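Biologist: I should like to learn how to read a structure of this kind. May we go through it step by step?

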Amino acid sequence: NLTDRLERSFKILKGEGKITEINVAETVKEIRKALIEADVNYKVAKTFTDEVKRKALGMNVLNAIKPGQLMVKVVHDELVSLMGGQATDINLAGNPTVILIAGLQGSGKTTFSAKLANHLKNKKGKSPLLVAGDVYRPAAIEQLKVLGQQINVPVFTIPGSNDPIGIAREAVRVAKNNNQNVVIIDTAGRLAIDEEMMKEVEAIKKAVSPNEILFVVDSMTGQDAVNTAKEFNDRLNFDGVVLTKLDGDTRGGAALSIRAVVDKPIKFVSTGEKLDALDIFHPDRMADRILGMGDIVSLVEKAQEQYDAEQAKILHKKILKDQFNFNDFLEQINQIKKMGNLKDLAGMIPGVGKALKDIDIDDDAFKNIEAIIKSMTPEERENPSLMNGSRRKRIAEGSGTSIVEVNRLLKQFEDMRKLMKMVSGGGAKNLARMMNQ
Ligand code: GDP
Ligand code: MG
């Protein structure tokens, strides 16, 4: 399975002293094969492994960590980000909150509807109403009634009616009158995508304006799960995905591709036929599960933290002694670049990501700065005070920039040095004084 295959890919790095273009390329090739075999969409797998390669090559060399371990960590983090990063809650706005459940027949809608009702009742203190919207099979209505009884949640039906739209509308009205604050509408599915089914779900959506539309999909169906998700999303613009039957021997590919392909979060995973076998989807836990190597991930995280702390200490000392030079500056720039592109970086700061979404950030912002620093001699980088007129001219020519740009950088560098010293040395007090100037 995927876990075993990934583990084998990491073995390529066993015995290697460090991460190189060549051994990373080999490892990444194996990872890509493993993903595709686990039914991950080809394009998703390619983007994924390209990113893993880029990140792995940009990582700090940590003595305490072996390349294979580093790779596990990189892959883990990319898996988390591929699956959406953080857990996403369902929207419980509205009174009542109307939740519409859609998906193919046999995907697990009815079971999930009951599980969700149970979850909202027990974990969120809600009083739900289940709605039997699959009117074509009497057994389907009976199934929901039985489940409702097990969890002590009422089930709304209109005996003899074959109009799911009318039933849904009436259920919302009844819920309002009875102070039932969540309405969960189970719907009929077909074995394959079908125009009639789509029209019906669309009509229910139109009639009751759900606060939340959840698309339920059987994770054992692999690539089909992704295609079905896409078609349902095109028609319904749903809010989240529910992956069912994750307890079976699923290859996990659906979980990995769906988010990337439809750009909607997976909100729940269903892991059994028992009514409490429902979990909120946590990308990091899923990544742990896929990799089965949580201990290595935390080992690398600790080593990185330690390394970063040591680097910060060294830098701090240098700043205090006025020894911060262009080499350090270059190192800082590289650090920033390693963390991803500037946009990713900005996106990590709460609140900033959204604001910057439509603005183009130039990833080459540092290009000229780097070129200028690299045109300096080692002595000049170590000791910026050497910089006289003729040196500046030479550097400008060597870096393909201009004296104006070189001067600007030198000035910025001096300002930065002063600022850093002030902040670093006296902490908040100095900073406050400076701000008040
Ligand atoms: P629906 O046609 O979409 O309403 O699907 P059902 O809820 O009726 O489920 C179809 C079958 O899958 C039933 O036999 C369920 O017991 C089973 N099922 C649903 N969810 C899960 C799950 O998470 N794990 C397992 N193993 N079986 C499930
Ligand atoms: Mg059903």
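Modeller: The expected span of a helix is 1.5 Å times one less than its number of residues. Please keep in mind that this is a predicted model.

Biologist: How far apart are the end C-alpha atoms of helix 4?

Modeller: Helix 4 covers residues 67-82, and its 16 residues should span 22 Å. The end C-alpha atoms are 22 Å apart, which agrees with that expectation. After helix 4 comes G84, with a positive phi near 105 degrees.

Biologist: What describes two packed helices?

Modeller: One gives the angle between their axes and the distance between the axes. Here, helix 1 (residues 2-11) packs with helix 2 (residues 21-37) at an angle of about 175 degrees, and the axes are 8 Å apart. Helix 1 and helix 2 are therefore roughly antiparallel. Among the residues that meet are L2, L6 and F10 in helix 1, and T27, I31 and A34 in helix 2. By class, this contact has five nonpolar, two polar and four charged residues.

Biologist: Which residues come nearest to ligand 1?

Modeller: Of the 17 residues around ligand 1, the nearest are G108, K109, T110, T111 and S270. Helix 5 (residues 109-124) supplies the largest share of this shell, three residues. By class, the shell holds 13 polar and four charged residues, and no nonpolar ones.

Note on methods: Residues numbered from 1 in each chain as written. Chains lettered and ligands numbered in written order. Predicted model: local features only at pLDDT ≥ 70, side-chain atom pairs only at ≥ 80, totals over all residues. Axes fitted to C-alpha atoms, helices over the stretch in contact; angles between N-to-C directions. Helix = DSSP H or I, 4+ residues; strand = E, 2+ residues; numbered from the N terminus. Parallel < 35°, antiparallel > 145°, perpendicular 65-115°, else oblique. Contact = placed C-beta atoms within 7 Å. Nonpolar A, V, L, I, M, F, W, Y, C, P; charged D, E, K, R; others polar. Near = placed C-beta within 6 Å.
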